[in-house]
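Colleague: Could you walk me through this model? I am new to reading structures, so please define the terms as we go.

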Amino acid sequence: MVLTFDPFREFDRLAGQMLGGGNSIAMPMDLYRSGDHFVLHCDLAGIDPGSVDVGVDGRVLTIRAERSPRTDEDVQWVRRERATGTFERRLTLGDGLDLDRIDATWQDGVLTLTIPVAEAAKPRRIAINTGSRPADDRALESA
C-alpha cells in the first residue's frame, strides 16, 4: 500500500471553514509544491508589511495582518469593497515539514512563505545488497 505524503491534510477542511467566515476573501492564497519545499502566496494588497505577523504554534501556521481604514475626513465613498481590520488565516501543517526553516518574504503586497520538506520525509533510494546474505550478517559470523 502506498500513501501519498500530504503535509496539508487538513487544509481543505480549514479552507472550507474559513471561506464560510468571510475573512479569507481578504487574504486569498495559492499553495503549491516545488521540489523539496511548499510555497504559499498570500495577497495582502494595501496592508502595511509591518502589521503582518506570521507564527507557528505546534503544527498550526498563523498569518495575521491588519488593513487600516482611510481616515481622510473629506472623502465621500462611492463604493467601498476592500475590507479593513484584522485578518487571519490558520493552516494545520502535517508531519514531514521543517517548521524551523520557514522563510517569509514580501514583495508588491504579496507575502510568500517557503516551507521546506524535512529531510526525513524526502524520497530516498534504498541500497540493495547483492549476494546470499546481507554484509552485516557475514561480519557478525567472522567476529
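Here are some questions about the strands, the core and a few residues, with their answers.

Colleague: What kind of model is this, and what pLDDT do side-chain atom pairs need?

Modeller: Residues are numbered from 1 along each chain as its sequence is written, and side-chain values use heavy atoms, leaving out hydrogens and water. This is a predicted model in which totals for chains, interfaces and linings use all residues, local features need pLDDT of at least 70, and side-chain atom pairs count only at pLDDT 80 or more.

Colleague: How many bridges join E2 to E7?

Modeller: Strands of a sheet pair through backbone hydrogen bonds, either parallel or antiparallel. In this pair, Val 39 has Thr 114 in E7 as its bridge partner. E2 and E7 run antiparallel, and the number of bridges joining them is seven.

Colleague: Which residue takes a positive phi in the hairpin of E6 and E7?

Modeller: E6 and E7 pair in the antiparallel sense over five bridges. The hairpin has two residues between the strands, and the positive phi, near 50 degrees, belongs to Asp 108.

Colleague: Is Thr 112 buried or exposed?

Modeller: Thr 112 is found in strand E7, and five of the seven residues of E7 are buried, so this strand is largely enclosed by the rest of the structure. Buried means under 20% relative accessible area, exposed over 50%, and partly exposed in between, with a 1.4 Å probe and protein chains only. At 15% relative accessibility, Thr 112 counts as buried.

Colleague: Which side chain does Thr 112 join in a polar contact?

Modeller: A polar contact is a pair of N or O atoms within 3.5 Å; within protein, one must be able to donate a hydrogen and the other to accept it, and residues adjacent in sequence count only if both atoms are side-chain atoms. The distance here is 2.9 Å, and the side chain joined to that of Thr 112 is His 41.

Colleague: Which residues touch the most other members of the largest nonpolar core?

Modeller: A nonpolar core is a set of buried Ala, Val, Leu, Ile, Met, Phe, Trp, Tyr and Cys residues joined through side-chain atoms within 4.5 Å. Of the 20 residues in the largest one, those touching the most other members are Leu 40, Cys 42 and Leu 44.

Colleague: Which residue takes a positive phi in the hairpin of E3 and E4?

Modeller: Strand E3 (residues 53–57) runs antiparallel to E4, with five bridges joining them. Val 54 stands opposite Ile 63 in E4. Two residues lie between the strands of this hairpin, and the one with a positive phi, near 65 degrees, is Gly 58.

Colleague: How far apart in space are Val 117 and Ile 102?

Modeller: Val 117 lies in the loop between E7 and helix H2 (135–142). Val 117 and Ile 102 are 15 residues apart in sequence, while their C-alpha to C-alpha distance is 9.9 Å.

Notes. Pairing = 2+ DSSP bridges. Helix = DSSP H or I, 4+ residues; strand = E, 2+ residues; numbered from the N terminus.
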